[in-house]
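Try each task yourself before you read on.

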Amino acid sequence: MGKDLHIRDIDEKEHSDLTKIADDMGVSINSIVKDAIDKWLLQKSQIPKKHILLIYDDDKAVVNLLKSVDKIAQEQGWFRAFCSSPDHVSKKSLPKLGWFDGTVLPFAPEKNPIKYCTQIGEKIAKASKQKPLFAIDFVLADVASSSIDDALKIERAYDKDPLPGIFFCPYKAEDVMSSSVKDAMELFLMHDPFYILKENELYKFHVTKESPHKLFLD
């Protein structure tokens, strides 16, 4: 059964323009509005919910990567956001491009990493006003530098209820390589595929589990 929908804040000019378009198309205003709603719902249902593992050496290289795709993200209506320590290189350039700084102050991830990062996610989600996210969490890299175990706890918590859009999870290569194989594999499998940034070159990796006997096959 159909439901009546009342649209507020439509002024006379907008209503007149909409009426003219409807007349020219030979359809009703209701039909145009319903079509717009259907397209919006379809778009929302197609928004991915994923977090991308990005392994890197240089913070500046990551910021340059973000700057290189900034225009595309902006044109497609993504809500661009980041969070980082007060002295991070991202603080100087990303806000100038219109990125939202979701860092929670005072900056203190070491006290309770999961709680602190959850607060960051809530702050960014609220500011996005339901737009799909294109965001990066440099705070996670700081946490991983102190404890890969704490970083994995944050990842698991986020995985239970990810935000709509793309969330980059950056890790310094030295932190991943100094972790155990068990922790590194959990990190890789949680984000498969994952990416490695070498200067300005981005490489994509997949994880596949193999049987030992395949070592003897071509």
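Helices (H or I, at least four residues) and strands (E, at least two) are DSSP runs, numbered from the N terminus. This is a predicted model, in which local features need pLDDT of at least 70, side-chain atom pairs count only at pLDDT 80 or more, and totals for chains, interfaces and linings use all residues. Residues are numbered from 1 along each chain as its sequence is written, and side-chain values use heavy atoms, with hydrogens and water left out.

**Exercise 1.** Find where histidine 51 lies and which side chains it contacts.

*Solution.* Start with the location: histidine 51 belongs to strand β1 (residues 49–56). Next, check its exposure. Buried means under 20% relative accessible area, exposed over 50%, and partly exposed in between (1.4 Å probe, protein chains only). Histidine 51 has 8% relative accessibility, so it counts as buried. Finally, look for polar contacts, which are pairs of N or O atoms within 3.5 Å; within protein, one must be able to donate a hydrogen and the other to accept it, and residues adjacent in sequence count only if both atoms are side-chain atoms. The histidine 51 side chain makes such a contact with the side chain of glutamate 155 at 3.1 Å, and another with that of aspartate 159 at 2.9 Å.

**Exercise 2.** Work out how the rings of tryptophan 99 and phenylalanine 134 are arranged.

*Solution.* First, the rule: rings of Phe, Tyr and Trp (its six-membered ring) pair if their centres lie within 6.5 Å; planes under 30 degrees apart count as stacked, over 60 as edge-to-face and the rest as tilted. This gives seven aromatic pairs. For tryptophan 99 and phenylalanine 134, the centres are 6.0 Å apart and the planes are at 65 degrees, so the pair is edge-to-face. Then trace the chain: tryptophan 99 sits in the loop between α4 (90–93) and β3 (100–101), and phenylalanine 134 in strand β4 (residues 133–137), 35 residues apart. Both residues are buried. Lastly, Trp99, Phe134 and Phe168 form one aromatic cluster.
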